[in-house]
Amino acid sequence: MKLLWIDDEIELLKGHILFLEKKGYEMQTATNGYDALDKCAEETFDLILLDENMPGLSGLETLGRIKEMAPGTPVVMVTKSEEENLMEQAIGSQIADYLIKPVNPIQILLTLKKNLHQKEIVSEVTQTAYQQDFSRIGQMIAQSSSLEDWMEVYRKLTYWELQLSETESGIREMLAMQKKDANTDFAKFIRRNYMKWMEQADNRPLMSTDVFKRCVFPCLDKGEKVFLLVIDNFRYDQWRMICNEISDLFTIEENLYCSILPTATQYARNSIFSGLMPTIISRMFPDLWVDEDSEEGKNLNEAPLIKTQFDRYRRKNTFTYHKINDSQAAEKLIQQLPQLGKYDLNVVVLNFIDMLSHARTESRMVRELANNEAAYRSITLSWFRHSPVAELFRILSTSPYRVILTTDHGSIRTANPIKVIGDRNTNTNLRYKLGKSLTYNPREVFEIREPQKAGLPSPNLSTSYIFATGDDFFIYPNSYSSYVQYFKDTFQHGGVSMEEMLIPLISMQGKKK
């Protein structure tokens, strides 16, 4: 790597320069700002060491001109001055580091490693750490016997997925294979336990129907005002990205809970808001339930469903409901915040992630922008940073609200097509199917032949539900190749996977209230 050291007393630094040359760095020097700028105009340097106190052009003046010529080149200021004002000016000019003379060669080497080699050093250390953790995670997967065990596995795999996202592909493939194996075993766990959970409502993990009863109502009972944010189709890894953005604003308590099946908005979100399984909603409130084959929107009755749950528990709390589909609606909500303070509960549904997921399927441009999980997370983070939702969080952090952030389900990137045959009334979702004449390989799916026992509506006496597991997706045999090409590597939901079923449930209070 090529370095430029600018100092009017460069002869006194010969020992440092020889040390760095022995370490493999190609060194060039300049004794004043003008000569340094000429060198920068002629060639590109990987890093520049710059003395602040020089005759002619000062260090800060030289720094400003270097930044105009080579804005991406890191500059390390090396100076005798300890004046705070000088430090602030240098930092404001976006220096990479600030060293006080006299400096020793090890200090210089450390700043070079930090500014030139940090990414590769971090990558190497991270890869080694994951390789050391690989066997332990494998044991965790093999020994997981409860949903809490699987949540810990999923947290661990997500942690490494985020840590390894910038490393070389081989180690990422190793992690992807371990995650695939984990999802295979997770599906076996769901097959063994899901119907038991449906039969034992009082002795099961926290699920969609329990969110209000076990998380929202206790806060209201303590006299807290609650702001419930439901981000549609929001994965745990996406939450971790946003968490980094707001951790300085809130005290955060992070948990996961389990979505009901199908992991689709019509079922899971309606269950959250009503506190009931779908079959009970359809029976008790037929006007509020929309059948699978209906052309009507499946989530048009969420506020009335919340009201039914309040009525059922004889709660007198006041609440509002808002659905946010775009930035304009978010800005309008922010303007309404002062008036919303008189309500005990404010429920806000944010639909951006779900719209992004569908756009990724339908739009070639969005598919290119989000062609893998890391890119999908990146778009989510960019949306958050540049949308009014970030401002909403900032304002809530200064309020007395208990903020509960959750979702109805997650999604998974599909990879493996599974053939299924159904009649014309079979639904179109790629991760679950329901119908009375489905043909499939039962070893490839999680099947529910008695929907009522799973809390699911049964349009016909012979209706059954099947769910794709892992990264499988359902494809009809006709036009098989074209459908596979179109839907492979898209983010879908409705089935059985950690990404879809194990979803964030976050409780926060502002640090600045």
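Mentor: In this predicted model, helix H6 (residues 118–143) packs with helix H8 at an angle of about 10°, and their axes are 11 Å apart. H6 is therefore roughly parallel to H8, since angles under 35 degrees count as such. On the H6 side, the contact is made by Gln127, Tyr130, Gln131, Phe134, Ile137, Gly138 and Ile141, while H8 contributes Ile171, Met174, Leu175, Gln178, Ala182 and Asp185. These residues divide into 8 nonpolar, 4 polar and 1 charged.

The surroundings of this pair may be taken next. The largest nonpolar core has 108 residues, and those with the most contacts inside it are Phe186, Ile190, Tyr194, Phe212, Leu229 and Leu345. Helix H8 (residues 169–199) supplies the largest share of this core, with 10 residues. Apart from residues up to four places away in sequence, Phe186 touches Leu147, Trp150, Val496, Ser497, Met498, Met501 and Leu502. Phe186 also belongs to a cluster linked by ring pairs, whose members include Trp150, Phe189, Tyr194, Trp197 and Tyr267.

Just after H11, Gly275 takes a positive phi of about 75°.

Aromatic pairs are found elsewhere as well; a search of the whole structure gives 29 of them. One is formed by Tyr483 and Phe487, which are stacked at 6.1 Å centre to centre with 5° between the planes. The two residues are 4 apart in helix H19 (residues 480–487), so about one helical turn separates them. An α-helix has 3.6 residues a turn, so residues three or four places apart point the same way. Tyr483 is partly exposed, with a relative accessible area of 40%, whereas Phe487 counts as buried at 15% relative accessibility, the limit for buried being under 20%.

Finally, a loop residue deserves attention. Ser411 lies in the loop between strand S10 (402–406) and strand S11 (412–413). Ser411 is buried, with a relative accessible area of 0%. Leaving aside residues up to four places away in sequence, Ser411 touches Asn233, Arg235, Tyr376, Phe491, Gln492, His493, Glu499 and Glu500.

Technical notes: Residues are numbered from 1 along each chain as its sequence is written. This is a predicted model: local features need pLDDT of at least 70, side-chain atom pairs count only at pLDDT 80 or more; totals for chains, interfaces and linings use all residues. Side-chain values use heavy atoms; hydrogens and water are left out. A nonpolar core is a set of buried Ala, Val, Leu, Ile, Met, Phe, Trp, Tyr and Cys residues joined through side-chain atoms within 4.5 Å. Buried means under 20% relative accessible area, exposed over 50%, partly exposed in between (1.4 Å probe, protein chains only). Contact means heavy atoms within 4.5 Å. Axes are lines fitted to C-alpha atoms, for helices over the stretch in contact, and angles run from 0 to 180 degrees between N-to-C directions. Angles under 35 degrees count as roughly parallel, over 145 as roughly antiparallel, 65 to 115 as roughly perpendicular and the rest as oblique. Ala, Val, Leu, Ile, Met, Phe, Trp, Tyr, Cys and Pro count as nonpolar, Asp, Glu, Lys and Arg as charged, and the others, Gly among them, as polar. Rings of Phe, Tyr and Trp (its six-membered ring) pair if their centres lie within 6.5 Å; planes under 30 degrees apart count as stacked, over 60 as edge-to-face and the rest as tilted.
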